[in-house]
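Have a look at the structure first, then we'll go through it by topic.

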Amino acid sequence: MNQNDLLNTTSATYSDAKQDMANMLESRPANYSLPQPFYNDPQFFRADMEEVFQKEWLFVGMTSEVPERGDYFTVEIGQNPVLIVRDADGSVNAFHNTCRHRGSRVCTEHRGKVANLVCPYHQWTYDLKGNLLFAGTEMGEGFDMKQHGLKKAHTKTAGGFIFICLGKEAPQGDFDQFLETLEEYMEPYDVENTKLAVESNMYEKANWKLVLENNRECYHCAGSHPELLNTLLEWDDTNDPRASEEFKALVAEQAADWDAEGIPHEHKSFGPGLRNRIVRMPLKKGTKVMTIDGESGCSKLLGRIKNPHMGSMRILHLPNSWNHMQSDHFIVFRVLPISAQESLVTTKWFVHKDAVEGVDYDPARLRQVWDATNDQDRILGEENQLGINSVGYQPGPYSETFEFGIINFMEWYSSTVQKNLKG
Amino acid sequence: MNQNDLLNTTSATYSDAKQDMANMLESRPANYSLPQPFYNDPQFFRADMEEVFQKEWLFVGMTSEVPERGDYFTVEIGQNPVLIVRDADGSVNAFHNTCRHRGSRVCTEHRGKVANLVCPYHQWTYDLKGNLLFAGTEMGEGFDMKQHGLKKAHTKTAGGFIFICLGKEAPQGDFDQFLETLEEYMEPYDVENTKLAVESNMYEKANWKLVLENNRECYHCAGSHPELLNTLLEWDDTNDPRASEEFKALVAEQAADWDAEGIPHEHKSFGPGLRNRIVRMPLKKGTKVMTIDGESGCSKLLGRIKNPHMGSMRILHLPNSWNHMQSDHFIVFRVLPISAQESLVTTKWFVHKDAVEGVDYDPARLRQVWDATNDQDRILGEENQLGINSVGYQPGPYSETFEFGIINFMEWYSSTVQKNLKG
Amino acid sequence: MNQNDLLNTTSATYSDAKQDMANMLESRPANYSLPQPFYNDPQFFRADMEEVFQKEWLFVGMTSEVPERGDYFTVEIGQNPVLIVRDADGSVNAFHNTCRHRGSRVCTEHRGKVANLVCPYHQWTYDLKGNLLFAGTEMGEGFDMKQHGLKKAHTKTAGGFIFICLGKEAPQGDFDQFLETLEEYMEPYDVENTKLAVESNMYEKANWKLVLENNRECYHCAGSHPELLNTLLEWDDTNDPRASEEFKALVAEQAADWDAEGIPHEHKSFGPGLRNRIVRMPLKKGTKVMTIDGESGCSKLLGRIKNPHMGSMRILHLPNSWNHMQSDHFIVFRVLPISAQESLVTTKWFVHKDAVEGVDYDPARLRQVWDATNDQDRILGEENQLGINSVGYQPGPYSETFEFGIINFMEWYSSTVQKNLKG
């Protein structure tokens with residue numbers, strides 16, 4: 001993006017932009033890509049941040065990233081720094097990472113371990129529940145420590161997943177039902193006894209929705225992802241209009257094994273556009289996990305899993321996460337918008353906490369397939385962005401056969417933005 | 001430019017900016033540089049893009065850059081990617097380089113050769129005339145391939161020059177007369193039998209109009225361009241108010257030779273402000289071409305040319321090109337705006353297609369003079385921009401004797417913007 | 001800052017922004033940090049530039065930086081290039097560094113020495129008082145050289161300090177009284193017989209007010225500045241609410257010495273919020289100057305000074321300078337805003353003009369303490385900015401005991417902006 005694009009906004013003011021956005025969503029044809037400003041207009045991006053990323057539940061990480069009291073990590077939701085920390089009674093909490101004195105970031109590292117949360121500027125000190133413990137010696141008579149704790153973000157965890165919400169009130173709906181299902185489906189993995197093996201952070205010059213659109217279809221896989229297709233089957237699930245009889249037979253065969261082992265696998269989805277969705281699908285016959293050759297990635301299986309052929313349990317959480325849960329490691333993906341034409345894609349690989357690097361697993365082998373795939377997707381996303389920026393761009397048709405996943409994503413996005421703009 | 005300058009715009013909204021622009025042009029004194037916002041206001045820049053670069057004919061390159069069927073090159077007009085390709089019947093066509101499916105760029109390289117145009121995202125395939133040949137297997141019943149061809153840009157070629165126009169309708173006026181003249185004047189060069197020898201792309205932190213203003217006068221040459229002045233005579237043509245009797249005699253002497261050889265040279269111009277202009281002028285007595293010593297740059301003369309003393313045929317095309325056609329090589333210049341304070345200047349040197357690099361010509365020798373000159377002009381343009389950005393800047397007087405070329409450029413720019421803003 | 005933050009402005013238009021700014025200042029609680037947009041909104045930043053930095057007196061440098069006729073240095077006030085030059089009769093003048101022909105910067109180097117000021121573009125030539133001497137040979141009959149001199153900025157010097165004002169009219173008030181005091185207090189240092197020993201330019205990703213706020217309190221010093229606290233006493237002066245009896249005794253003891261030597265030291269202040277302020281304070285007992293060990297930094301004392309225990313004469317000039325005048329060298333600090341979230345902090349160390357580098361002083365030793373301190377402050381400022389950018393930021397309380405200096409700064413800032421917005 002060049003700097004002058006910033007003023008090439010469709011709408012005269014931000015207030016107009018929100019109205020234009022609502023009107024365009026109202027009248028959009030369901031099976032077409034969105035009008036240009038949704039992908040590159042900075043005022044539309046601002047509305048995405050305020051109406052989606054600052055109001056909806058977001059995936060930020062796994063509870064096993066903060067295994068003990070005082071362990072924390074930080075994340076930036078747009079320009080909002082957030083701090084996730086495990087407290088003394090084992091709860092995981094999220095706080096705005098901004099001191100109540102003069103606003104400095106309190107935790108300046110990406111990860112760490114602390115006794116209390118101490119602002120580096122003037123040593124204002126908060127406990128792990130965000131209560132202000134110390135604020136210098138002379139803040140004056142009227143100063144009330146209780147009114148100056150760190151500001152909380154809503155936090156919920158289930159099955160090891162941490163979700164936060166920056167809005168004043170967290171959206172209700174069926175999110176809790178999804179969390180119950182997530183708890184049940186993740187039980188075999190025993191996430192609390194896993195550990196982060198390796199993490200990648202990829203910067204992509206594309207609007208966050210293009211990153212999601214790319215993820216929501218495998219129509220492009222054959223042309224772009226040779227490493228991934230060593231193990232991944234391109235069908236979304238048995239409802240996929242392209243699903244072959246052979247595929248359905250494979251699903252039935254493996255499902256019988258999984259049922260025998262008490263491993264959940266059936267498709268469950270929640271919210272408009274399958275916003276939250278879980279399903280376990282087989283990998284290519286004969287392969288175990290998403291490594292370059294389909295052989296195991298870690299010699300210790302996760303949790304109570306005995307069978308290396310777990311396929312991949314796919315977990316979708318719109319707007320910002322997809323995940324692959326396998327027998328010996330799992331992979332989580334998180335998308336964070338940076339600007340109208342910039343996103344950050346974080347990928348993390350988890351293994352059993354007792355697995356030993358260099359003995360039980362090789363981080364380079366674990367990350368190989370998705371490093372390649374992510375980079376291929378990054379180039380596709382960036383080229384998509386460049387073409388969309390043109391006056392020659394015109395919304396084009398999604399294939400109901402190949403791109404139903406995007407149609408679903410757009411249904412969720414559209415209904416959510418419309419609801420929040422009204423709200 | 002720092003990022004906050006972006007909001008330092010003169011006008012509250014883009015709509016106001018266009019009105020302010022029209023008013024300022026209406027009341028401008030003809031012989032003075034423009035008010036500050038024309039050079040640094042992002043909303044004025046947006047209007048330059050929409051009213052000039054997206055509506056007027058632009059020079060993009062030479063037909064000999066795409067000698068055979070399927071040869072293409074790409075160019076970015078602002079944020080609009082464009083694709084220029086030679087088709088099966090030998091025509092050169094320009095298309096918006098954006099797929100009609102989800103908008104990805106179709107050709108992602110700067111130059112290449114293809115059988116068909118295949119989008120890298122989902123392999124939608126277009127023929128060299130832009131017709132959609134393949135769009136996946138299941139786009140649904142209602143999908144009409146004929147409605148999903150690549151979008152065309154207007155394209156015209158003459159004398160080897162390729163011009164495109166991104167506007168809905170291409171401007172009429174006397175452009176075709178210019179093209180006829182160009183065809184006639186370029187005939188001796190036989191451009192189809194030339195080849196691109198070397199290309200430079202220079203990034204300049206200055207508004208595109210400052211790049212053009214710099215080009216439109218040689219008042220600064222004596223102080224800045226020692227290499228160029230080894231061969232270039234500073235007079236624009238024999239109408240130049242500074243033209244000496246000695247110069248006029250030299251012109252007359254060479255013109256006699258050129259006439260004898262049937263080589264066109266007389267001044268022809270078209271459009272307001274000499275928008276399109278051709279004239280052949282001698283180089284310094286005793287020099288052949290714009291090399292550092294004035295000796296030949298390539299041992300094969302171009303086309304039907306026999307006399308190495310062809311001087312330089314200067315071809316101007318506003319808003320974005322000037323060119324020097326000589327006996328053994330020619331040089332074309334193309335300016336593309338990037339932002340209010342950023343431009344890209346592309347220079348290309350062409351030789352006979354049978355000339356052999358390292359035998360008949362040395363690319364380093366060919367480019368030496370204009371590499372130096374371009375870089376000197378870049379610094380002048382960037383310093384000009386920095387001073388104009390100041391609250392201390394006030395439009396200053398152009399000299400009618402030395403800077404008539406800028407006065408002409410401004411006449412064209414002003415009348416074109418006013419016409420298009422009204423239109 | 002990411003690029004899209006630019007449109008995340010609080011106000012629909014710049015005109016609204018100025019009104020919003022006035023309203024927020026009107027209703028602000030005096031002892032709280034400012035609302036977010038004062039620190040990161042590009043339209044508020046524009047108002048800071050137009051209402052403060054383009055209207056108020058600014059510190060730019062010392063007269064001994066331009067010791068002789070034709071010596072100059074340049075400085076950028078936002079995007080306004082300014083030129084400071086010593087003329088033939090010994091005066092120091094400031095000019096807009098933009099040619100009256102087509103606006104190029106005239107002086108393109110940071111420092112230099114010239115006979116006349118010659119624009120590099122077309123050699124327009126100005127004398128050292130800014131009068132146009134030469135403008136090409138044929139500017140036409142109507143051209144009046146007298147109307148095309150360089151535009152002056154208001155300039156005042158006192159005690160070796162150079163102040164400029166870019167406004168049409170320079171603010172009156174008690175600035176001249178401050179200058180008289182500055183002249184008197186600086187007399188012992190004989191600035192004209194000093195020289196610039198070393199200069200640092202530090203880029204900081206923080207709003208200029210955060211740089212000033214950081215400077216206006218030493219509440220953070222104990223946690224961040226070990227090198228500085230080898231010599232600096234944290235108390236502002238004897239009126240500091242934290243000042244100990246021991247400190248007051250030290251002040252009294254040294255003041256007696258200074259009085260005996262005729263060295264001014266008493267606190268003087270001018271303008272709202274102690275805008276201009278001078279006071280001499282002792283350094284830590286036993287230390288002489290702000291070096292890493294408190295021993296001397298240069299073997300030649302400045303001016304008429306005989307006693308190495310001069311402490312530090314602190315000179316504050318809002319909005320953009322603080323300074324430490326010591327026995328054997330002095331240090332000046334200048335802050336220049338670049339954008340809403342970017343500033344440039346320049347630090348210069350001066351010694352006696354006869355001191356010999358490598359013999360009398362070591363530049364690396366001179367700069368060591370403040371290089372470390374500046375960098376520590378830079379990180380504090382940048383972390384402060386990042387936290388303030390959050391939706392979780394809320395103005396927080398300043399301590400009247402520890403942060404009275406910021407409360408004063410805000411009083412000056414608020415009253416100045418309100419006055420100038422009205423004016």
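Does B:Lys113 count as buried, partly exposed or exposed? At 48% relative accessibility, B:Lys113 counts as partly exposed, where buried means under 20% relative accessible area, exposed over 50% and partly exposed in between (1.4 Å probe, protein chains only).

Some ground rules: this is a predicted model, so local features need pLDDT of at least 70 and side-chain atom pairs count only at pLDDT 80 or more, while totals for chains, interfaces and linings use all residues. Residues are numbered from 1 along each chain as its sequence is written, chains are lettered from A and ligands numbered from 1 in the order in which they are written, and side-chain values use heavy atoms, with hydrogens and water left out.

**How the copies relate**

- The copies use different surfaces here, as 8% of the contact residues of chain C recur in chain A.
- Chain C can also be laid on chain B, again with a turn of 120 degrees, a shift of 0.0 Å along the axis and an RMSD of 0.0 Å.

**Chain C against chain B**

- In this interface, 40 residues of chain C are in contact with 38 residues of chain B, contact meaning heavy atoms within 4.5 Å.
- About 3300 Å² is buried between the two, 49% of it on carbon and sulfur atoms; buried area is the accessible area (1.4 Å probe) that two parts lose on being put together, summed over both.
- C:Gln79, C:Arg102 and C:Tyr121 supply 24% of what chain C buries against chain B, more than any other three residues.
- Four salt bridges are counted between these chains, a salt bridge being a side-chain nitrogen of Lys or Arg within 4 Å of a carboxyl oxygen of Asp or Glu.
- One of them pairs C:Arg102 with B:Glu217, with the closest N and O atoms 2.8 Å apart.
- On the chain C side, α3 (42-53), β3 (80-86) and β16 (330-339) each supply at least two residues; helices (H or I, at least four residues) and strands (E, at least two) are DSSP runs, numbered from the N terminus.
- The largest share of that side, four residues, comes from α3(C).

**Chain C against chain A**

- Here 38 residues of chain C are in contact with 40 residues of chain A.
- The buried area is about 3300 Å², and carbon and sulfur atoms give 50% of it.
- The salt-bridge count is four, including A:Arg105 with C:Glu383 at 2.6 Å, N to O.
- On the chain C side, α5 (208-215), α6 (221-224) and α8 (363-388) each supply at least two residues, and α8(C) gives the most, with six.
- A:Arg105 counts as buried at 10% relative accessibility, and C:Glu383 is buried too, at 12%.

**Salt bridges inside a chain**

- Over all chains, the whole structure has 87 salt bridges.
- B:Lys113 meets B:Glu68 in one of 3.1 Å, N to O.
- This pair links distant parts of the chain: B:Lys113 sits in strand β5 (residues 111-113) and B:Glu68 in the loop between β1 (58-62) and β2 (71-77), 45 residues apart.
- B:Glu68 is partly exposed, with a relative accessible area of 48%.
- A:Arg367 and A:Asp371 form another at 2.6 Å, N to O; being four residues apart in helix α8 of chain A, they are separated by about one helical turn.
- A:Glu65, A:Arg111, A:Glu199 and A:Lys348 are linked in a network of salt bridges.

**A buried polar residue: B:Asn323**

- B:Asn323 belongs to strand β15 (residues 321-325) of chain B and counts as buried at 2% relative accessibility.
- A polar contact of 3.0 Å joins its side chain to that of B:Ser321; the term means a pair of N or O atoms within 3.5 Å where, within protein, one must be able to donate a hydrogen and the other to accept it, and residues adjacent in sequence count only if both atoms are side-chain atoms.
- The B:Asn323 side chain also reaches the backbone nitrogen of B:Phe333 at 3.3 Å.

Note on methods:
Copies are superposed by least squares on the C-alpha atoms of residues with pLDDT of at least 70 in both.
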